[in-house]
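This report concerns aromatic rings and the residues around them. The sequence and the structure are shown first.

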Amino acid sequence: MKATLILENGSLFIGESIGSTEDRVCEMVFNTSMTGYQEILTDPSYAGQGIVMSYPLIGNYGVNEEDNESGRPWAEAFIVRRMSPRGSNFRCENTLDSYLKANHITGIQGVDTRALTRILRSQGTMNGMITCAESFSVPELLEKLRAYRVEGKVELTSRKTAETFPADGEERCKVALMDYGVKQNMIGCLCRRGCAVTVFPWNTPAETVLSGGFDGVMLSNGPGDPADNVGVVAEIKKLYDSGLPIFAVCLGHQLMALATGAKTDRLPFGHRGGNHPVRDIAEGRVFITSQNHGYMVVGESVDPKVAEISHVNVNDGTVEGLRYLGKDIFTVQFHPEAAPGPMDTEYLFDRFVDKVCERKGGKR
């Protein structure tokens, strides 16, 4: 079946429908990863977005339950140059097309994803729509596209009740994890290091966490504009003032910056993929990182008496991490749990857990 992708700037791409045939309006973003499409689809940070995969062949190893980063996919749409009709891998349980259909994700293949990526990179992230309709009014659709905004996605993706995950092996400490759209492997990275993790909904008051006997706090990734989360920022300021060790990732990094007086701003086309070089200033090393964000912390807005920049993006110089002075708090923009490169950044989880155990007086 024929499908059409219409962008907010009036560009049209005609291809073949994959997945659901429902009309879908969303924010179109591109991802440069060669693999990991299932983890990308189930990452809550993509709620409200359509994903353009720049790598030309997607779906060649199929899908399986083990690789899900949450209980369901959150992406609204999926755009590929070519989707493999079958998966070839000993872990494969289903085809990508069947997975898209079962989860009502609208998709299109057979379009020039290189040209599409160049448009989004040069003109910036923009809204788009995929439709299987034979006829439509472009002016009417463009008006609809320009009115769309990604809103309310943190509340949508966060769990509704607290959930506890036991430590793998001997318990070393207890960590509260604030769920703004958390990925499952982030929980796993803590559990594997001896943390008993209680995951709280996005709107949990700071007092609930501070009275719970936790040794440290983690702020998760999540979707949307960080500045929309005014109530959450107020609660994070209370956590900041508490003195507990805190580690924050992606949206959590941005929310902590807002809570301490810094500003955030939208990136022209975002950072999404598994090949982004980030320099750890203290280590003097560059790490290849996995990223998925459309906003950044404005470096000039960070009060040097409050925090110092710990990581920078090698490509564009944007802030990738902050270390808060006089506090056991550090935050990063990238995803250390995703392990995209040969020198992965899971050492940040080791650093956090060591800080937590040191403060507790437990085992290092």
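Both Phe30 and Phe269 are buried (under 20% relative accessible area, with exposed over 50% and partly exposed in between, for a 1.4 Å probe and protein chains only). The model is predicted: local features need pLDDT of at least 70, side-chain atom pairs count only at pLDDT 80 or more, and totals for chains, interfaces and linings use all residues. Residues are numbered from 1 along each chain as its sequence is written, and side-chain values use heavy atoms, leaving out hydrogens and water.

Rings of Phe, Tyr and Trp (its six-membered ring) pair if their centres lie within 6.5 Å; planes under 30 degrees apart count as stacked, over 60 as edge-to-face and the rest as tilted. Two of the pairs are set out below.

| Pair | Centres apart | Angle of planes | Class |
|---|---|---|---|
| Phe30 and Phe269 | 5.8 Å | 25 degrees | stacked |
| Phe247 and Phe352 | 5.8 Å | 40 degrees | tilted |

The pair of Phe30 and Phe269 joins strand S3 (residues 24–31) to strand S15 (residues 264–280), 239 residues apart. Helices (H or I, at least four residues) and strands (E, at least two) are DSSP runs, numbered from the N terminus.

Phe247 belongs to strand S14 (residues 246–249) and Phe352 to helix H10 (residues 347–360), 105 residues apart. Phe247 has 0% relative accessibility and therefore counts as buried; Phe352, at 1%, also counts as buried. Ring pairs join Phe247, Phe330, Phe349 and Phe352 into a cluster.
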